[in-house]
Amino acid sequence: ISTDFNQTRLPDGRIRLETKEGEIYFLEQIKDPDSPSIDSVHVLLNEEFEPQEIEDKDTTRNSLREAQNPKSEGFTTIFSVTDKEGKTVGMINGSYLPPHREASGQLNEGMFFVGYIVVNQDLRKKGLGAILYQSAIQNADEMAAGRNEHLGMIGGEWVKRVERTANQFGV
């Protein structure tokens, strides 16, 4: 993942991110449906979105449970960024939709759909959104490859104020 952060993988699987100015954050993938990190992610979502715009915690947890099912066609990915005090300051969640056969019999490509990506208002323009986005896409690509599938599309909806920035994320 290319960013301006100095990155160190920690024994617990998280990635320590340090800016040139010495600010420290931690990136982690949330895999456990019962993780308390889901509660923290939802606090951030509720700060940034209207209640009717976000899924509830049970839906998030059920999506992660389904992702653990080896027979599941798609999967959900959630990454979060916390500050050094442990407060969730950024998150992304999305779903991988597997390829399907066209009428011609040809297998098309899988798609990763970004559900939510948000960074705390005070920490925007530091690259945390880009690292979340790149982490989720890299993870979806690796998961697809593990299924002998190809991730060929990335989609999502953007609010107008972030569309230009989102288009610059790249992988």
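Residues are numbered from 1 along each chain as its sequence is written, and side-chain values use heavy atoms, with hydrogens and water left out. Because the model is predicted, local features need pLDDT of at least 70 and side-chain atom pairs count only at pLDDT 80 or more, whereas totals for chains, interfaces and linings use all residues.

Strand β6 (residues 110-119) and strand β7 (residues 151-156) run parallel and are joined by five bridges, where strands (E, at least two residues) and helices (H or I, at least four) are DSSP runs numbered from the N terminus, and two strands pair if DSSP finds at least two bridges between them. Within this pairing, Phe113 has Gly155 of β7 as its bridge partner. Together with helix α3 (residues 128-146), β6 and β7 make a right-handed β-α-β unit, right-handed meaning that, with the strands pointing away from the viewer, the path from the first strand over the helix to the second runs clockwise.

Two loops of this region each hold a residue with a positive phi. Lys125, in the loop between β6 and α3, has a phi of about 75° although it is not a glycine, and at 84% relative accessibility it counts as exposed (over 50% relative accessible area; buried is under 20% and partly exposed lies in between, with a 1.4 Å probe and protein chains only). Asn148, in the loop between α3 and β7, likewise has a positive phi, near 60°, and is exposed with a relative accessible area of 73%. Most residues other than glycine have a negative phi.

In helix α2 (residues 57-67), Thr60, Arg61 and Leu64 are buried. Seen down the axis of α2, these buried residues fall within an arc of 95°, so they line one face of the helix, the arc being that of the directions from the helix axis to the C-beta atoms. The cover over them includes α1 (37-48) and β4. At the start of α2, a side-chain oxygen of Asp56 reaches to within 3.1 Å of the backbone nitrogen of Asp58.

Strand β4 (residues 75-83) contains Thr77, which is buried at a relative accessible area of 1%. Among the residues that Thr77 touches, not counting those up to four places away in sequence, are Gln29, Ile92, Phe112 and Asn139, contact meaning heavy atoms within 4.5 Å. The side chains of Thr77 and Asn139 also make a polar contact (3.1 Å), that is, a pair of N or O atoms within 3.5 Å, of which, within protein, one must be able to donate a hydrogen and the other to accept it, while residues adjacent in sequence count only if both atoms are side-chain atoms.
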